[in-house]
Amino acid sequence: MKKAIVLSVTGAVFLAACGSEDESQTATANETEETGTEEAVSEDTEDAPSAEEIVEEAIAFYDGLTSLYMVSEGEVNVAFDGEQEDVPEGDISTSITETHWNFIREGELYTRMDLEFSTEGEEDGEAFSDEMPTTYQFSDLDDPALTITYDEGDEEAIRYEQGIDPTQEDLSDWANLYETLLEDAELTYVGEEEINGYSTYHIEAERDGQVTEYWFDQETFYEIKMESETAVEDAEHSAGDTSSSGAVIEYEVNPDFDESLFQAPDDVEVVDGELEDTLSSNMDN
């Protein structure tokens, strides 16, 4: 049950790697103070760009970009109130490490995500902890419209059609989130901070009463960290209050394409299936 609950909270981010990156590394990906060192560098805004200028530069980062490698660590915390059917009262903390490779090759998008995560918390007064096998998900080398996924230790990988057109000239579509921030959010410059060795600009974006914080690399304006909190107002239709944060540990702009990233190991048989097959497989583990 615990893994099923965790997947229900985080699955939309992790199982849609092709789309999660442009929504916010997210799924993307996410991290707490324990997974990223924050050090205030300066709050002097005299020579700093405005929050709007920072977001505009974050959009420009993706223009013409054809490949990107990134490793992030993060955490998702959910407080279950027990109001939903079949969801026990308790707290779950999920620690996540995501490794992403993204390439444009001959006008088509190839993505790979390796996902490691573990959970701990309390369910109906009983403490628990669980470490999940690493999940591998990547575009099929021969047809990037197909996705292959399997967990560490599996003898079979499932290949399915994700329903996303892989045709892309560059990664500029991944800046869509930032464009919506410029259009719909109230942006505030906070200051400069060091995150995992990166000097960053820190901004806040308020939209519909929710505040999300972003930290961008001062050199490239690539997003290094994100934090958000969601308070539940409708207990019947939502599991519980949720907070998430994530930070990039390392990244590389325009790495070389590696075919081996998009092929299953020799000891794993690839079988054709549907997206639903991957969900049921995850629930069984």
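User: What is a salt bridge, and how many does the structure hold?

Analyst: A salt bridge is a side-chain nitrogen of Lys or Arg within 4 Å of a carboxyl oxygen of Asp or Glu. The structure holds five of them. This is a predicted model, where local features need pLDDT of at least 70, side-chain atom pairs count only at pLDDT 80 or more, and totals for chains, interfaces and linings use all residues. Residues are numbered from 1 along each chain as its sequence is written, and side-chain values use heavy atoms, leaving out hydrogens and water.

User: Which residue forms a salt bridge with Asp-140?

Analyst: Arg-159 does, with the closest N and O atoms 3.3 Å apart. Asp-140 sits in the loop between strand 6 (135-139) and strand 7 (146-151), and Arg-159 in strand 8 (residues 156-161), 19 residues apart. Strands (E, at least two residues) are DSSP runs, numbered from the N terminus.

User: What else is linked in a network with this pair?

Analyst: Asp-272 joins Asp-140 and Arg-159 in a network of salt bridges. The closest N and O atoms of Asp-272 and Arg-159 are 2.7 Å apart. Asp-272 lies in strand 14 (residues 269-272), so its pairing with Arg-159 in strand 8 ties together parts 113 residues apart in sequence.

User: Are these residues buried or exposed?

Analyst: Buried means under 20% relative accessible area, exposed over 50%, and partly exposed in between (1.4 Å probe, protein chains only). Asp-140 is buried at 8%, Arg-159 is partly exposed at 23%, and Asp-272 is exposed at 59%.

Definitions and conventions
Helix = DSSP H or I, 4+ residues; strand = E, 2+ residues; numbered from the N terminus.
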